[in-house]
Amino acid sequence: MENQNQEQQQRAGTDGASTRITAAIYSEATLPSKHFDLDLQHTIDPKDEPQKPGWRKFLAHVGPGFLVSLAYLDPGNLETDLQAGANHRYELLWVILIGLVFALIIQSLSANLGVTTGKHLSELCKAEYPPFVKYCLWLLAEVAVIAADIPEVIGTAFALNLLFNIPVWTGVLLTGFSTLLLLGLQRYGVRKLEILIAVLVFVMAACFFGEMSYVKPPASGVLQGMFIPKLSGQRATGDAIALLGALVMPHNLFLHSALVLSRKIPKSVRGINDACRYFLIESGFALFVAFLINVAIISVSGTVCHQNNLSGTEDKTCSDLTLNSASFLLQNVLGRSSKIFYAIALLASGQSSTITGTYAGQFVMQGFLDIKMKKWARNLLTRCIAITPSLIVSIIGGSSGAGRLIIIASMILSFELPFALIPLLKFSSSATKMGPHKNSIYIIVISWILGMGIIGINIYYLSTGFVGWIIHSSLPKVATVFIGILVFPLMAIYILAVVYLTLRKDTVVTFIEPTNNDPAAQNQMENGLLNSSDLPVPFRQDLAGIPLPQ
């Protein structure tokens, strides 16, 4: 009997170390009506069972939120933060605050969706929408992944330019090989690689915090910019939309709902509630750190670029600040080494964000089309498409043109957001998808108000900006009319698509009622005492290769 117990414990330990995704779904008929030990067949009092400490449960869920948060520190964020500070000082800090609060809400909704349904967002979109809508959403999601990859390409190229003084367009070509090399290094230890990237990114954060303590931006100006919404000056609306696009990225919603499936979560009411709470805490901490770093970057840029004692060269740099020229902001702290430290951190930022984009592209393709590519193939496909516009712009426009392309890519992401956000808000608020775990009325109201606000701003900027361009265009009237005939129908289609996704009623039921009939058995399984091999636990084999620490 003792040998049987030892074998079962060894088997349970092996299963616990598995990196494969399991969704523990069991029914009343599967489990005994009373709580029995599987070997000794005697009744056990749940109160006598050792409880797993809360902090250990929390650490078991850590990983997805921090990996997703790297996307909030990518080169696109750095570029838009630097330009927002240089052009508007602290005026757009409120956009960062609202953007990251909204990001916390929707990232937690995305995690809850994956935990509760056992499927990620793209899989639910495939199940819910008609084929034509499904393929349109897939194409838009792929465009979003590619648009998010453009800042990573250009940021990495700028870093290589700063380190080795090679042309930007040459660095763009080299980025295709650099990320493949990084993905190849994962086989030597994913955990070590993630720690290295995180250390390098936080080195950059420490540099900006150190610079902020040196230049001492006025607290009143920072707080006023953070809590008093204001849009004034040239390009303020466009820069605000670019900030939102760089912060709240649609591919992150697909990514987070899939990454949580890499954790072994019991399909029970308590198991789901605990997992949702732990993922919320993790995301909140990770996004708070990202918020502080973004505020520091804008504060440093806004303070340094609006000083009265700037030299002519520095004033010219601030008037067209890009990732390639921002290292001078750190000279007060790092001196001559500022360029090297900044370039290394920028390289780490670009490469780490590219890995998250690669995973997001995999999940989008697998969910919508049931196609799963190898990581290197998926990265090569996305990177080759993203390199094309980056290469053309860097050859023609140089560093300045490449920097403006990052802003354009961020604006594209902002316009793409409704086609991932609306399905997420609807699914997470629907009883057909979430059952009793659907959003509360308060979360529904807050998330829809913020979501519709961002979508409304996008539509307003899109329409007024294009009409203003038409009116003041220097092109011949025939060309202007022809462009208007092409673009206005596309704008109408965009608005109609948003209305369709918003008003369409969900019809497909995907929620599976969690087992709640045997609290003792739930307690035993959730604390690792019940061997998962004795329950009908299906694999998510398609997601089993996610390299997250268990």
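On a 1 Å grid over the protein atoms alone, a cavity is a set of points where a 1.4 Å probe fits but cannot get out, while a pocket is an open set with protein on both sides within 12 Å along at least five of seven lines; in either case, lining residues have an atom within 4 Å of a point. The structure searched here is a predicted model, with local features needing pLDDT of at least 70 and side-chain atom pairs counted only at pLDDT 80 or more, though totals for chains, interfaces and linings use all residues. Residues are numbered from 1 along each chain as its sequence is written, and side-chain values use heavy atoms, with hydrogens and water left out.

Searching the whole structure turns up four cavities of 30 Å³ or more. The largest cavity has a volume of about 110 Å³, where a volume is the space filled by probe spheres set on the grid points, joined across faces, edges and corners. Its lining is made of 16 residues, and D149, E152, S353, T354 and G357 are the ones that lie nearest the centre. Helices come up a lot from here on: they are DSSP runs (H or I, at least four residues), numbered from the N terminus. For the largest cavity, α7, α16 (338-369) and α17 each give at least two lining residues, and α16 has the largest share, with five. Sorted by class, this lining has four nonpolar, eight polar and four charged residues. The sorting counts Ala, Val, Leu, Ile, Met, Phe, Trp, Tyr, Cys and Pro as nonpolar, Asp, Glu, Lys and Arg as charged, and the others, Gly among them, as polar.

Now for an open space. The second largest pocket holds about 780 Å³. Around this pocket sit 22 lining residues, with F415, L462, L490, M491 and Y494 nearest its centre. Four helices, α7 (131-164), α17 (375-416), α20 (441-472) and α21 (477-503), each put at least two residues into the lining. The largest share comes from α21, which supplies eight residues. As for class, the lining of the second largest pocket has 20 nonpolar residues, plus one polar and one charged.

One of the pairs joins F419 and Y494: the centres are 5.6 Å apart and the planes 80 degrees apart, so the pair is edge-to-face. Buried means under 20% relative accessible area, exposed means over 50%, and partly exposed is in between (1.4 Å probe, protein chains only). F419, with a relative accessible area of 10%, is therefore buried, and so is Y494, at 13%.

Helix α20, one of those lining the second largest pocket, can be checked for length. The expected span of a helix is 1.5 Å times one less than its number of residues. For the 32 residues of α20 that gives 46 Å, which agrees with the 46 Å between its end C-alpha atoms. Among its residues, S447, W448, G451, I454, I455, N458 and F466 are buried.

Next come the cysteines. The structure holds one disulfide, that is, a pair of cysteine sulfur atoms within 2.5 Å. C305 and C318 form this link, with their sulfur atoms 2.2 Å apart. C305 is in the loop between α13 (269-304) and α14 (312-319), and C318 is in helix α14, 13 residues apart. The angle about the S-S bond is -75 degrees, making the link left-handed, and both C305 and C318 are buried. Also buried are C125, with a relative accessible area of 1%, and C276, with 15%.

A258 lies in helix α12 (residues 250-259) and counts as buried because its relative accessibility is 0%. A258 and F363 are 105 residues apart in sequence, yet 7.0 Å apart in space, C-alpha to C-alpha. Then there is N165, in the loop between α7 and α8 (168-185), with a positive phi near 60 degrees in a residue other than glycine. K216, in the loop between α9 (190-215) and α10 (219-227), has a positive phi too, near 50 degrees. N165 counts as exposed at 67% relative accessibility, and K216 counts as exposed at 62%.

Terms used. Phe/Tyr/Trp six-rings, centres within 6.5 Å; stacked < 30°, edge-to-face > 60°.
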